[in-house]
Amino acid sequence: MEITLTILLTAAIVSLFWWISNRSAKDKSASIAEDLSTMRQQLQKTWTEMEHHRDAVFDAMAEGVLLCDLSGKILFWNRACRRLFNLPENPLDGMTLLEALRLHEVLEVFERTLEKGRTMGVELKPRGGASLHLMLNAVVVDHSSGKPDSVLLIFHDLTQLRELENARRDFVANVSHELRTPLSMIKGFVETVMDHPEMDLETRVNFLGKVQKHSDRLSLLIEDLLTISKLESGQATVNLQDVHLRGEVARVLSDLERGAQAKQMRVNLDIANDIRVKVDVDLLDQIIINLVDNAIKYGRQGGRVEVKANRNGNDQVCIGIADDGPGIPPESLDRIFERFFRVDKARSRSQGGTGLGLSIVKHIAQALGGRVWVESELGHGTTFFFTLKRSDALSSQTELQLDKHLHAASSARE
Ligand code: ADP
């Protein structure tokens, strides 16, 4: 009996110990699980923040960035890459480089990079993106274990740079051509006169007249080129003065009268007497001379030129120079202010044009704080408009006071 009691007591004590130790193990593992879950949540949060920062950094980059795994499946692309290739926000699951960009050149770069570790400075001109010009660099990215893990492709957009280079190259080619033409004419006439001492006086004078005409054209071109370069580099001095618009335009028109008379054209001036503008007089004169001279040159024999001005809003005046000539074809209107652009090259040259007049007008209008544009209808004529700042405009404070005064006066009358 005593033995049985001892056994039972021992069993009870062992069970109690087992229960207590089991319970504390359970408590411990529950608290470990809780700690683990908190850590997992923190890890997840840190990971999401890191991803967010990574996206923000990549999206702030001007270069297009694209990351693929070693089989060419896309893992990530940034905002600039989406914009360059017109891609959706995120790559579809399992989407390949070729499926996304549809550019075999990029796939070739990817494969070469897998072989060699990196490919630098490959220039691409994707056919779809009209004038898109890209440079691609690609590198293999290693895993922390040191094994290749993915391929990073970086696209630099060179479109603007190439456009500027092309414009500069075209400009130099145009300038050389424009300078060479009158120079070779001058050279030709002078050589002919020198090689033929027996030449009669009349032919000689005729030839010398041509030499004079071409040297005038040459100096006009050089003058226009200097003006353009000063205006484009922002070196032109702008001396703003308060000017009586009608008086100044009338003075310039009187200088152009001879040209108009030679084509039996009438030039009408319709500008109110009290409009005053804030301009540099020399620059304003250049705008008027270029636009009215063009209207006469390209206008029709016996036609009309109208010079008008209208107050535009509070502080601007819009000046229009209209002719009833043959007009400008719609497809040329967008290019008319480009350097050396002419609708009819032969006609412009025969009239002594340099092809720089309208480009100069555009730059001057901008330098004076205004803008210039053109409206034209084939067979009916052309009107060039430009805006200037008025100096006769009431200050907004004065206008406000005047408004209040008029309002008070009309309320008193009621
Ligand atoms: P240009 O020295 O050839 O006159 P501009 O820059 O002044 O150069 O003008 C560029 C071209 O625009 C001209 O060659 C001409 O073809 C066209 N143009 C300019 N003004 C007129 C106009 N009023 N009517 C028709 N065409 C015009």
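Modeller: Let's start inside α6: its buried residues are F207, V211, H214, R217, L218, L221, D224, L225, T227, I228 and L231. "Buried" means under 20% relative accessible area, "exposed" means over 50%, and "partly exposed" is in between (1.4 Å probe, protein chains only). This is a predicted model, where local features need pLDDT of at least 70 and side-chain atom pairs count only at pLDDT 80 or more, while totals for chains, interfaces and linings use all residues. Residues are numbered from 1 along each chain as its sequence is written, and side-chain values use heavy atoms, with hydrogens and water left out.

Colleague: What covers the buried residues of α6?

Modeller: The cover includes α5, α8, α10 and α11. Those labels are DSSP runs numbered from the N terminus: helices are H or I with at least four residues, strands are E with at least two.

Colleague: How far apart are the end C-alpha atoms of α6, and what should its residues span?

Modeller: The expected span is 1.5 Å times one less than the number of residues. For the 32 residues of α6 that gives 46 Å, and its end C-alpha atoms are 46 Å apart, so the two agree. α5 has 37 residues and reaches 53 Å from first C-alpha to last, close to the expected 54 Å.

Colleague: At what angle do the axes of α5 and α6 cross?

Modeller: Axes are lines fitted to C-alpha atoms, for helices over the stretch in contact, and angles run from 0 to 180 degrees between N-to-C directions. Here α5 (159-195) and α6 (201-232) come within 9 Å and cross at roughly 160°. That makes α5 roughly antiparallel to α6; the classes are under 35 degrees for roughly parallel, over 145 for roughly antiparallel, 65 to 115 for roughly perpendicular, and oblique for the rest.

Colleague: Is the crossing of α5 and α6 left-handed or right-handed?

Modeller: Left-handed. The rule is that the near helix is turned anticlockwise from the far one by less than a right angle; clockwise would be right-handed.

Colleague: Which residues of α5 and α6 make the contact?

Modeller: Contact means heavy atoms within 4.5 Å. From α5 the list includes F171, V175, P182, I186, F189 and V193, and from α6 it includes F207, V211, H214, L218, L221 and L225. By class, the contact has 16 nonpolar, 3 polar and 4 charged residues. Nonpolar here is Ala, Val, Leu, Ile, Met, Phe, Trp, Tyr, Cys and Pro; charged is Asp, Glu, Lys and Arg; the others, Gly among them, are polar.

Colleague: And which residues of α5 are buried?

Modeller: T159, R162, V175, E178, P182, I186, F189 and V193. Their cover includes β3 (118-124), β5 (148-157), α6 and α10 (345-350).

Colleague: Zoom in on P182, please. What does P182 touch?

Modeller: P182 is found in helix α5 and is buried, at a relative accessible area of 1%. Setting aside residues up to four places away in sequence, P182 touches H214 and L218. P182 and K210 are 28 residues apart in sequence and 9.9 Å apart in space, C-alpha to C-alpha.

Colleague: Over to another pair: how do α8 and α11 pack?

Modeller: α8 (281-298) and α11 (357-367) have axes 9 Å apart, at an angle of about 145°, and their crossing is left-handed. The contact is made by L283, Q286, I287, N290, L291 and N294 of α8 with G357, L358, I360, V361, I364 and A365 of α11. Those residues divide into 8 nonpolar, 4 polar and no charged.

Colleague: Now loops. Where does F341 lie?

Modeller: F341 is in the loop between α9 (330-333) and α10, yet F341 counts as buried, at 16% relative accessibility. Beyond its neighbours within four places in sequence, F341 is in contact with S332, R335, I336 and G355.

Colleague: Which strand holds G320, and is G320 buried or exposed?

Modeller: G320 lies in β10 (316-323) and counts as buried, at 9% relative accessibility. Leaving aside neighbours within four places, G320 is in contact with E306, V307, K308, T383, F384 and F385.

Colleague: One backbone item: what is the phi of R102?

Modeller: R102 has a positive phi of about 55° although it is not a glycine. R102 sits in the loop between α3 (97-101) and α4 (104-116) and counts as exposed, at 67% relative accessibility. Q264 has a phi near 50°, also positive in a residue other than glycine. Q264 is in the loop between α7 (245-262) and β7 (266-270), and Q264 is exposed, with a relative accessible area of 54%.
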